[in-house]
Amino acid sequence: MENRPPLHIVIFGRPGSGKSSLAERLGEAHGFAMIRTGELLREAVRRGDALGTQIEELLAAGRLVPDDLVGEVLAWNLSVLRRDRLLFDGFPRTIGQIPLLRRLEELVDFRVDYYVEIAVSAAEAVARMEGRRVCPSCGATYHVRKNPPAAEGICDKDGTALVRRADDAPDVLGVRQQVYETQTGPVVEYYRTALPDRFLRIDGEQSFEAVSADLERALGLAS
Ligand code: ADP
């Protein structure tokens with residue numbers, strides 16, 4: 001196994017910023033283990049356990065899940081958190097989750113190296129979300145025009161029929177943008193001012209390839 005430095009990254013971006021597709025690309029190219037709270041929460045809904053039943057309506061309405069429940073799903077994944085390259089996608093998402101991340105850093109003994117914001121306007125984000133499709137089986141994300149699968153409506157990775165996420169329904173898009181601005185905006189602002197040396201802002205309105213290249217360069221991962 002090649003000798004590579006450990007790297008821990010938190011990635012922020014409004015719904016529709018391309019954050020999750022970028023994280024996926026980065027993860028595959030550079031061996032990051034992913035911590036995606038949205039995906040972990042949707043898995044709980046699919047399992048239909050006590051947590052899943054509790055949060056199903058919140059997810060479908062585009063609202064956030066309470067901090068303590070997010071802490072719970074993260075605690076179930078402690079073994080993943082011990083990997084040397086970690087990418088947090090969708091966490092921390094509220095001011096209340098900042099101390100939760102601090103506790104994980106202490107508990108698992110790592111330090112987040114970079115807090116990255118993928119910056120996109122609300123108008124562009126909404127346009128993108130309208131075309132987003134996901135694989136209900138593996139969680140891969142596509143866009144009907146900007147990032148289509150090889151065969152229309154079918155996941156490239158496992159052949160499952162793609163779907164529109166419940167929280168991508170037209171009436172929920174606006175709510176999610178607003179939730180991002182009011183709840184997560186202050187978290188981004190916190191890291192930008194508290195840790196300016198570890199904060200990176202990437203212009204997310206370029207092509208996917210260009211954003212991805214900027215991100216790799218900013219993280220020192222460009223080959
Ligand atoms: P997106 O970033 O496009 O909204 P995610 O998959 O990251 O998609 O999140 C989907 C949903 O999961 C959110 O709208 C929210 O309800 C819930 N969620 C994800 N992460 C968190 C978190 N850290 N705290 C609270 N709720 C979360």
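A nonpolar core is a set of buried Ala, Val, Leu, Ile, Met, Phe, Trp, Tyr and Cys residues joined through side-chain atoms within 4.5 Å. In this predicted model, the largest such core comprises 32 residues. Within this core, F88 and L101 have the most contacts. Two or more residues are contributed by each of the strands β1 (7–12), β2 (33–36) and β3 (85–89) and by each of the helices α2 (37–47), α3 (50–60), α4 (67–75), α6 (98–108) and α8 (170–194). The most is given by α6, with five residues.

The surroundings of F88 were examined with residues up to four places away in sequence left out. On that basis, F88 touches I9, V10, I11, I35, L81, L101 and F110. L101, one of these partners, is also the residue named together with F88 as having the most contacts inside the core.

A further core, of 18 residues, lies apart from the largest one. Its members include L22, L26, A125 and L200. Both L22 and L26 also take part in the contact of helix α1 with helix α9.

Helix α1 (residues 19–30) packs against helix α9 (residues 208–218) at an angle of about 55 degrees, and the two axes are 10 Å apart. Because of this angle, α1 is oblique to α9. The crossing of the two helices is right-handed. On the α1 side, the contact is formed by S21, L22, R25, L26, A29 and H30; on the α9 side, it is formed by F208, E209, V211, S212, L215 and E216. By type, the residues of this contact are six nonpolar, three polar and three charged.

Notes: Residues are numbered from 1 along each chain as its sequence is written. This is a predicted model: local features need pLDDT of at least 70, side-chain atom pairs count only at pLDDT 80 or more; totals for chains, interfaces and linings use all residues. Side-chain values use heavy atoms; hydrogens and water are left out. Axes are lines fitted to C-alpha atoms, for helices over the stretch in contact, and angles run from 0 to 180 degrees between N-to-C directions. Helices (H or I, at least four residues) and strands (E, at least two) are DSSP runs, numbered from the N terminus. Angles under 35 degrees count as roughly parallel, over 145 as roughly antiparallel, 65 to 115 as roughly perpendicular and the rest as oblique. A crossing is left-handed if the near helix is turned anticlockwise from the far one by less than a right angle, and right-handed if clockwise. Contact means heavy atoms within 4.5 Å. Ala, Val, Leu, Ile, Met, Phe, Trp, Tyr, Cys and Pro count as nonpolar, Asp, Glu, Lys and Arg as charged, and the others, Gly among them, as polar. Buried means under 20% relative accessible area, exposed over 50%, partly exposed in between (1.4 Å probe, protein chains only).
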